[in-house]
Amino acid sequence: MTDQTAELSKAPTPDPAEDNAFFPSPYSLSQYTSSRTDFDGTDYPQPYSGGKWKVLMVASDERYVLMQNGTMFSTGNHPVETLLPMYHMDRAGFEIDVATLSGNPVKLEMWAMPGEDDTVKGVYAKYRDQFKSPLKLADVMAQSVNDDSPYIAVFVPGGHGALVGIPHSKEVKDLLLWAMAKDKYVITLCHGPACLLAPAVDEAPEDYIYKGYKICVFPDALDQGANIQIGYMPGPLPWPLAESLAKLGVEILNSGISGQCYQDRKLITGDSPLAANNIGKLAANALLQEARSI
(Lines give C-alpha, C1' and ligand atoms only; values in the text may rest on other atoms or scores of the structure.)
Protein backbone atom coordinates (compact mmCIF):
# COMPACT_ATOMS: atom_id res chain seq x y z
CA MET A 1 0.00 0.00 0.00
CA THR A 2 1.45 3.35 -1.00
CA ASP A 3 1.41 6.37 1.28
CA GLN A 4 -0.94 8.07 -1.18
CA THR A 5 -3.41 5.16 -1.04
CA ALA A 6 -3.24 5.04 2.74
CA GLU A 7 -4.28 8.70 2.87
CA LEU A 8 -7.46 8.13 0.88
CA SER A 9 -10.69 8.37 2.85
CA LYS A 10 -12.60 5.23 3.79
CA ALA A 11 -15.77 7.25 4.34
CA PRO A 12 -18.44 6.57 1.68
CA THR A 13 -18.85 9.53 -0.67
CA PRO A 14 -22.24 11.30 -0.47
CA ASP A 15 -24.37 11.13 -3.60
CA PRO A 16 -25.99 14.59 -3.89
CA ALA A 17 -28.77 13.26 -6.12
CA GLU A 18 -30.52 11.39 -3.28
CA ASP A 19 -31.08 11.79 0.45
CA ASN A 20 -28.70 9.76 2.62
CA ALA A 21 -27.22 7.97 -0.39
CA PHE A 22 -23.55 7.19 -0.94
CA PHE A 23 -21.03 6.14 -3.55
CA PRO A 24 -18.04 3.98 -2.55
CA SER A 25 -15.23 5.69 -0.64
CA PRO A 26 -12.11 6.92 -2.45
CA TYR A 27 -10.05 4.26 -0.69
CA SER A 28 -12.37 1.40 -1.73
CA LEU A 29 -12.35 2.59 -5.33
CA SER A 30 -8.55 2.52 -5.29
CA GLN A 31 -8.75 -1.15 -4.28
CA TYR A 32 -11.68 -2.33 -6.39
CA THR A 33 -11.43 -0.42 -9.67
CA SER A 34 -8.81 0.01 -12.37
CA SER A 35 -8.37 2.04 -15.52
CA ARG A 36 -7.93 -1.18 -17.51
CA THR A 37 -9.38 -4.69 -17.37
CA ASP A 38 -7.57 -7.99 -17.81
CA PHE A 39 -8.88 -8.38 -21.35
CA ASP A 40 -6.36 -10.58 -23.14
CA GLY A 41 -7.09 -9.84 -26.79
CA THR A 42 -9.26 -12.90 -27.38
CA ASP A 43 -11.11 -12.76 -30.69
CA TYR A 44 -13.39 -15.11 -32.61
CA PRO A 45 -12.16 -15.65 -36.19
CA GLN A 46 -15.16 -17.87 -37.01
CA PRO A 47 -18.09 -16.07 -35.38
CA TYR A 48 -21.70 -17.16 -35.61
CA SER A 49 -23.22 -15.80 -38.81
CA GLY A 50 -26.58 -17.53 -38.99
CA GLY A 51 -28.55 -14.38 -38.22
CA LYS A 52 -31.09 -15.95 -35.84
CA TRP A 53 -29.59 -16.49 -32.43
CA LYS A 54 -29.30 -13.59 -30.00
CA VAL A 55 -28.65 -13.05 -26.30
CA LEU A 56 -31.20 -11.38 -24.04
CA MET A 57 -29.54 -9.27 -21.35
CA VAL A 58 -31.64 -8.35 -18.32
CA ALA A 59 -30.00 -5.32 -16.71
CA SER A 60 -30.74 -3.28 -13.60
CA ASP A 61 -32.95 -0.20 -13.92
CA GLU A 62 -32.49 0.73 -10.26
CA ARG A 63 -29.55 2.66 -8.84
CA TYR A 64 -30.31 2.69 -5.11
CA VAL A 65 -30.22 -0.22 -2.65
CA LEU A 66 -31.76 0.55 0.75
CA MET A 67 -29.38 -0.78 3.38
CA GLN A 68 -30.24 -2.13 6.83
CA ASN A 69 -29.08 1.08 8.53
CA GLY A 70 -31.34 3.32 6.43
CA THR A 71 -28.65 4.59 4.08
CA MET A 72 -28.79 3.97 0.36
CA PHE A 73 -26.00 2.55 -1.74
CA SER A 74 -25.68 4.31 -5.11
CA THR A 75 -24.95 1.37 -7.39
CA GLY A 76 -26.41 -0.27 -10.53
CA ASN A 77 -24.71 -2.72 -12.88
CA HIS A 78 -20.94 -2.96 -12.72
CA PRO A 79 -19.59 -1.82 -16.12
CA VAL A 80 -16.82 -4.42 -16.34
CA GLU A 81 -19.19 -7.24 -15.35
CA THR A 82 -21.63 -5.97 -17.96
CA LEU A 83 -19.49 -4.86 -20.89
CA LEU A 84 -16.63 -7.36 -20.95
CA PRO A 85 -18.89 -10.45 -21.18
CA MET A 86 -20.94 -8.53 -23.77
CA TYR A 87 -17.77 -7.99 -25.81
CA HIS A 88 -17.09 -11.71 -26.06
CA MET A 89 -20.64 -12.70 -26.96
CA ASP A 90 -20.93 -9.84 -29.44
CA ARG A 91 -17.59 -10.62 -31.11
CA ALA A 92 -18.62 -14.27 -31.29
CA GLY A 93 -21.48 -13.13 -33.52
CA PHE A 94 -24.41 -12.95 -31.13
CA GLU A 95 -26.45 -9.77 -31.19
CA ILE A 96 -27.52 -8.67 -27.70
CA ASP A 97 -30.94 -7.28 -26.85
CA VAL A 98 -30.90 -5.14 -23.69
CA ALA A 99 -33.96 -5.19 -21.44
CA THR A 100 -34.87 -3.89 -17.99
CA LEU A 101 -37.88 -4.67 -15.81
CA SER A 102 -39.45 -1.26 -16.39
CA GLY A 103 -38.06 -0.33 -19.79
CA ASN A 104 -36.31 2.58 -18.07
CA PRO A 105 -32.58 3.15 -18.73
CA VAL A 106 -29.92 0.76 -17.51
CA LYS A 107 -28.11 2.07 -14.44
CA LEU A 108 -24.33 1.62 -14.55
CA GLU A 109 -21.77 2.20 -11.82
CA MET A 110 -19.89 4.73 -13.90
CA TRP A 111 -17.39 5.19 -11.09
CA ALA A 112 -16.11 1.70 -11.99
CA MET A 113 -15.78 2.34 -15.74
CA PRO A 114 -12.21 1.49 -16.85
CA GLY A 115 -11.49 4.76 -18.60
CA GLU A 116 -8.36 3.62 -20.43
CA ASP A 117 -9.78 0.32 -21.69
CA ASP A 118 -10.68 0.76 -25.34
CA THR A 119 -12.33 -2.66 -25.57
CA VAL A 120 -14.81 -1.94 -22.81
CA LYS A 121 -15.41 1.63 -23.96
CA GLY A 122 -16.06 0.36 -27.48
CA VAL A 123 -18.77 -2.04 -26.33
CA TYR A 124 -20.37 0.74 -24.30
CA ALA A 125 -20.41 3.02 -27.34
CA LYS A 126 -21.97 0.29 -29.50
CA TYR A 127 -24.78 -0.47 -27.04
CA ARG A 128 -25.18 2.96 -25.48
CA ASP A 129 -28.47 3.68 -27.24
CA GLN A 130 -29.89 0.36 -26.01
CA PHE A 131 -28.76 1.17 -22.47
CA LYS A 132 -30.61 4.47 -22.65
CA SER A 133 -33.74 3.02 -24.29
CA PRO A 134 -33.90 -0.67 -23.41
CA LEU A 135 -36.73 -3.06 -24.06
CA LYS A 136 -39.28 -3.69 -21.32
CA LEU A 137 -38.90 -7.27 -20.13
CA ALA A 138 -42.66 -7.90 -19.97
CA ASP A 139 -42.96 -6.90 -23.63
CA VAL A 140 -40.08 -9.19 -24.58
CA MET A 141 -41.73 -12.04 -22.70
CA ALA A 142 -45.01 -11.48 -24.55
CA GLN A 143 -43.49 -11.10 -27.99
CA SER A 144 -40.25 -13.07 -28.21
CA VAL A 145 -39.96 -15.68 -25.47
CA ASN A 146 -41.74 -18.64 -27.00
CA ASP A 147 -41.10 -21.86 -28.94
CA ASP A 148 -39.63 -19.87 -31.84
CA SER A 149 -37.64 -17.45 -29.71
CA PRO A 150 -34.45 -15.96 -31.19
CA TYR A 151 -32.72 -16.12 -27.80
CA ILE A 152 -30.03 -18.70 -27.30
CA ALA A 153 -29.08 -17.37 -23.86
CA VAL A 154 -30.01 -15.04 -21.02
CA PHE A 155 -27.33 -12.80 -19.51
CA VAL A 156 -27.77 -11.04 -16.16
CA PRO A 157 -24.76 -8.83 -15.30
CA GLY A 158 -23.53 -8.12 -11.81
CA GLY A 159 -23.42 -5.05 -9.64
CA HIS A 160 -25.41 -4.58 -6.45
CA GLY A 161 -28.28 -3.10 -8.46
CA ALA A 162 -29.18 -6.68 -9.41
CA LEU A 163 -30.46 -7.13 -5.84
CA VAL A 164 -33.37 -4.72 -6.46
CA GLY A 165 -36.45 -5.96 -8.26
CA ILE A 166 -34.86 -8.77 -10.25
CA PRO A 167 -34.92 -11.44 -7.48
CA HIS A 168 -38.67 -10.90 -6.98
CA SER A 169 -39.74 -10.35 -10.59
CA LYS A 170 -42.47 -12.53 -12.11
CA GLU A 171 -41.04 -11.81 -15.56
CA VAL A 172 -37.55 -12.94 -14.51
CA LYS A 173 -39.09 -16.04 -12.94
CA ASP A 174 -40.96 -16.87 -16.14
CA LEU A 175 -37.88 -16.15 -18.25
CA LEU A 176 -35.66 -18.51 -16.27
CA LEU A 177 -38.35 -21.20 -16.16
CA TRP A 178 -38.53 -20.89 -19.96
CA ALA A 179 -34.75 -21.04 -20.25
CA MET A 180 -34.68 -24.21 -18.18
CA ALA A 181 -37.54 -25.83 -20.11
CA LYS A 182 -36.03 -24.95 -23.49
CA ASP A 183 -32.45 -25.83 -22.49
CA LYS A 184 -31.12 -22.28 -22.97
CA TYR A 185 -27.97 -20.90 -21.41
CA VAL A 186 -28.11 -18.57 -18.41
CA ILE A 187 -24.97 -16.51 -17.81
CA THR A 188 -24.50 -14.39 -14.69
CA LEU A 189 -21.76 -13.23 -12.32
CA CYS A 190 -20.99 -11.51 -9.02
CA HIS A 191 -24.35 -10.24 -7.67
CA GLY A 192 -26.16 -11.11 -10.89
CA PRO A 193 -27.03 -14.58 -9.50
CA ALA A 194 -29.67 -12.76 -7.46
CA CYS A 195 -31.78 -13.49 -10.54
CA LEU A 196 -31.67 -17.17 -9.58
CA LEU A 197 -33.90 -16.37 -6.60
CA ALA A 198 -36.79 -15.39 -8.87
CA PRO A 199 -37.81 -18.96 -9.83
CA ALA A 200 -38.32 -19.70 -6.12
CA VAL A 201 -40.96 -16.98 -5.66
CA ASP A 202 -44.30 -18.57 -4.70
CA GLU A 203 -42.90 -22.05 -5.30
CA ALA A 204 -42.44 -24.99 -2.94
CA PRO A 205 -38.75 -25.47 -2.03
CA GLU A 206 -38.69 -28.94 -3.56
CA ASP A 207 -39.73 -27.48 -6.92
CA TYR A 208 -36.87 -24.97 -7.12
CA ILE A 209 -35.29 -25.46 -10.53
CA TYR A 210 -31.69 -24.72 -9.50
CA LYS A 211 -31.66 -26.98 -6.45
CA GLY A 212 -28.43 -28.97 -6.52
CA TYR A 213 -26.68 -26.66 -8.99
CA LYS A 214 -23.14 -25.47 -8.29
CA ILE A 215 -22.38 -21.78 -8.81
CA CYS A 216 -19.91 -18.98 -8.18
CA VAL A 217 -21.26 -15.77 -6.63
CA PHE A 218 -19.92 -12.76 -4.77
CA PRO A 219 -19.27 -13.93 -1.18
CA ASP A 220 -21.42 -12.66 1.67
CA ALA A 221 -18.34 -12.44 3.91
CA LEU A 222 -16.98 -9.53 1.85
CA ASP A 223 -20.32 -7.73 1.69
CA GLN A 224 -20.84 -8.15 5.42
CA GLY A 225 -17.26 -7.29 6.38
CA ALA A 226 -14.57 -5.66 4.28
CA ASN A 227 -16.93 -3.85 1.92
CA ILE A 228 -18.38 -1.95 4.87
CA GLN A 229 -15.08 -1.47 6.69
CA ILE A 230 -13.39 0.19 3.72
CA GLY A 231 -16.44 2.25 2.85
CA TYR A 232 -17.35 0.53 -0.41
CA MET A 233 -20.90 0.35 0.93
CA PRO A 234 -22.51 2.64 3.51
CA GLY A 235 -23.97 -0.22 5.56
CA PRO A 236 -25.10 -3.85 5.55
CA LEU A 237 -27.09 -5.12 2.60
CA PRO A 238 -30.77 -5.83 3.25
CA TRP A 239 -30.19 -9.58 2.90
CA PRO A 240 -27.28 -11.95 2.14
CA LEU A 241 -27.25 -13.19 -1.45
CA ALA A 242 -25.12 -16.32 -1.22
CA GLU A 243 -26.86 -17.47 1.96
CA SER A 244 -30.27 -16.99 0.34
CA LEU A 245 -29.25 -19.17 -2.61
CA ALA A 246 -27.68 -21.79 -0.36
CA LYS A 247 -30.91 -22.08 1.63
CA LEU A 248 -32.64 -23.07 -1.59
CA GLY A 249 -30.17 -25.89 -2.17
CA VAL A 250 -27.62 -24.17 -4.42
CA GLU A 251 -24.01 -25.17 -3.74
CA ILE A 252 -21.69 -22.16 -3.49
CA LEU A 253 -18.23 -23.08 -4.77
CA ASN A 254 -16.20 -20.01 -3.78
CA SER A 255 -15.50 -18.32 -0.46
CA GLY A 256 -13.40 -15.47 -1.90
CA ILE A 257 -12.94 -13.69 -5.22
CA SER A 258 -10.31 -14.91 -7.64
CA GLY A 259 -12.03 -14.71 -11.02
CA GLN A 260 -13.45 -18.21 -10.63
CA CYS A 261 -16.10 -19.31 -13.14
CA TYR A 262 -18.12 -22.49 -13.32
CA GLN A 263 -20.50 -24.12 -15.75
CA ASP A 264 -23.14 -26.49 -14.38
CA ARG A 265 -25.26 -27.79 -17.25
CA LYS A 266 -26.52 -24.63 -19.03
CA LEU A 267 -25.84 -22.29 -16.07
CA ILE A 268 -22.56 -20.32 -16.27
CA THR A 269 -21.54 -18.22 -13.26
CA GLY A 270 -18.59 -16.15 -12.05
CA ASP A 271 -17.53 -14.78 -8.69
CA SER A 272 -16.77 -11.07 -9.21
CA PRO A 273 -15.50 -8.43 -11.66
CA LEU A 274 -12.32 -10.51 -11.77
CA ALA A 275 -14.35 -13.19 -13.58
CA ALA A 276 -15.72 -10.90 -16.30
CA ASN A 277 -13.19 -11.76 -19.00
CA ASN A 278 -13.16 -15.47 -18.25
CA ILE A 279 -16.94 -15.80 -18.11
CA GLY A 280 -17.21 -13.91 -21.37
CA LYS A 281 -14.88 -16.37 -23.09
CA LEU A 282 -16.61 -19.36 -21.50
CA ALA A 283 -20.03 -18.08 -22.57
CA ALA A 284 -18.98 -17.13 -26.10
CA ASN A 285 -17.45 -20.53 -26.80
CA ALA A 286 -20.41 -22.35 -25.28
CA LEU A 287 -22.84 -20.37 -27.43
CA LEU A 288 -20.79 -20.96 -30.58
CA GLN A 289 -20.79 -24.69 -29.92
CA GLU A 290 -24.53 -24.62 -29.23
CA ALA A 291 -25.34 -22.61 -32.37
CA ARG A 292 -23.39 -25.06 -34.54
CA SER A 293 -25.25 -28.02 -33.08
CA ILE A 294 -28.82 -26.79 -33.61
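In the predicted model, strands β1 and β2 (residues 21-23) are joined by two bridges in the antiparallel sense, where pairing requires at least two DSSP bridges between two strands. Helices (H or I, at least four residues) and strands (E, at least two) are DSSP runs, numbered from the N terminus. Within this pair, P14 lies opposite F22 of β2. Both strands belong to an open sheet of four strands with mixed pairing, ordered β1-β2-β5-β4. Its edges are β1 (13-14) and β4 (64-66), each of which pairs on one side only.

Strand β8 (residues 151-156) pairs in parallel with strand β3 (residues 54-58) through four bridges, and M57 stands opposite F155 in β8. Four bridges also connect β8 to strand β9 (residues 185-189), again in the parallel sense, with V154 facing V186 of β9. Together with helix α6 (residues 170-181), β8 and β9 form a β-α-β unit that is right-handed, that is, with the strands pointing away from the viewer, the path from the first strand over the helix to the second runs clockwise. Because six of the six residues of β8 are buried, the strand is largely enclosed by the rest of the structure; buried denotes under 20% relative accessible area, exposed over 50% and partly exposed in between (1.4 Å probe, protein chains only).

No disulfide (a pair of cysteine sulfur atoms within 2.5 Å) was found in a search of the whole structure. The sulfur of C190 is 11 Å from the closest cysteine sulfur, in C216, which is too far for a bond. C216 is likewise in no disulfide, the nearest cysteine sulfur being that of C261 at 6.6 Å. C190 is buried at 3% relative accessibility, and C216 is buried at 0%.

Residues are numbered from 1 along each chain as its sequence is written, and side-chain values use heavy atoms, without hydrogens and water. Local features need pLDDT of at least 70 and side-chain atom pairs count only at pLDDT 80 or more, whereas totals for chains, interfaces and linings use all residues.
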